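This report covers a helix pair, a loop residue and an aromatic pair. The sequence and the structure come first.

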Amino acid sequence: MARRDRQPDLPEPLEPPQRLVGDLRRLYSPAGHVPREVDEAVRDAAWRECGTARIRRRIHWWSKVGVAAAAAFVLFWFRGSWRPQPAPLPADKPIVVADIDGNGRVDILDAFALARRIESGNVSAGVGDLNHDGRVDRSDVDAVAMQAVRLNEGASS
């Protein structure tokens, strides 16, 4: 069995032809002395181009920041104006006291809304006191629920 850790013998590196070496040296050798004026002109042009690119990058970055700030301002300023507002009730319809959410009808969602207000402590005196006992409590939620599920007396099937 042959050992794998031995490397095969490599051939000697080939020497390039002298003519090729000479041609490459002439092709890639320095051009000679560059006058000071040309050197300064190239340097100044490079600085102008680098400075212009730097200014363009800064302007581009600040324009992005400005657009983001303007968008944030617009969203802050008009933060609630696109939400649909509930339609006002017609003047000929009476206001129903048990209509907690203000949609014009008494349903089980009104009882749920009143119960949530009571749990959070966000009730004011008189608003939601349907049984007129002077306080808003669970009995008022029950009164709203009873009114929501009550069948109409004159309804026919």
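A residue counts as buried when its relative accessible area is under 20%. The model discussed here is predicted. Asp-107 has a relative accessible area of 16% and is therefore buried.

Asp-107 sits in the loop between α2 (36-77) and α3. Leaving aside neighbours within four places in sequence, the contacts of Asp-107 are Asp-101, Val-144 and Ala-148.

## Packing of α3 and α4

Two packed helices are described by the angle between their axes and the distance between the axes. For helix α3 (residues 108-120) and helix α4 (residues 138-149), the angle is about 170 degrees and the axes are 8 Å apart. Angles over 145 degrees count as roughly antiparallel, so α3 and α4 are roughly antiparallel to each other.

On the α3 side, the contact involves Ile-108, Asp-110, Ala-111, Leu-114, Ala-115 and Ile-118. These residues meet Arg-138, Asp-140, Val-141, Val-144, Ala-145 and Ala-148 in α4. By class, the contact of α3 with α4 has nine nonpolar and three charged residues, and no polar ones.

## Aromatic pair

The structure holds one aromatic pair. Trp-61 and Trp-62 form this pair, with 4.7 Å centre to centre and 85 degrees between the planes. The arrangement is edge-to-face.

How exposed are the two residues of the pair? Trp-61 is partly exposed, with a relative accessible area of 49%. Trp-62 is exposed, with a relative accessible area of 56%.

Note on methods: Residues numbered from 1 in each chain as written. Predicted model: local features only at pLDDT ≥ 70, side-chain atom pairs only at ≥ 80, totals over all residues. Heavy atoms only, no water. Axes fitted to C-alpha atoms, helices over the stretch in contact; angles between N-to-C directions. Helix = DSSP H or I, 4+ residues; strand = E, 2+ residues; numbered from the N terminus. Parallel < 35°, antiparallel > 145°, perpendicular 65-115°, else oblique. Contact = heavy atoms within 4.5 Å. Nonpolar A, V, L, I, M, F, W, Y, C, P; charged D, E, K, R; others polar. Buried < 20%, exposed > 50% of the residue type's maximum accessible area, 1.4 Å probe, protein only. Phe/Tyr/Trp six-rings, centres within 6.5 Å; stacked < 30°, edge-to-face > 60°.
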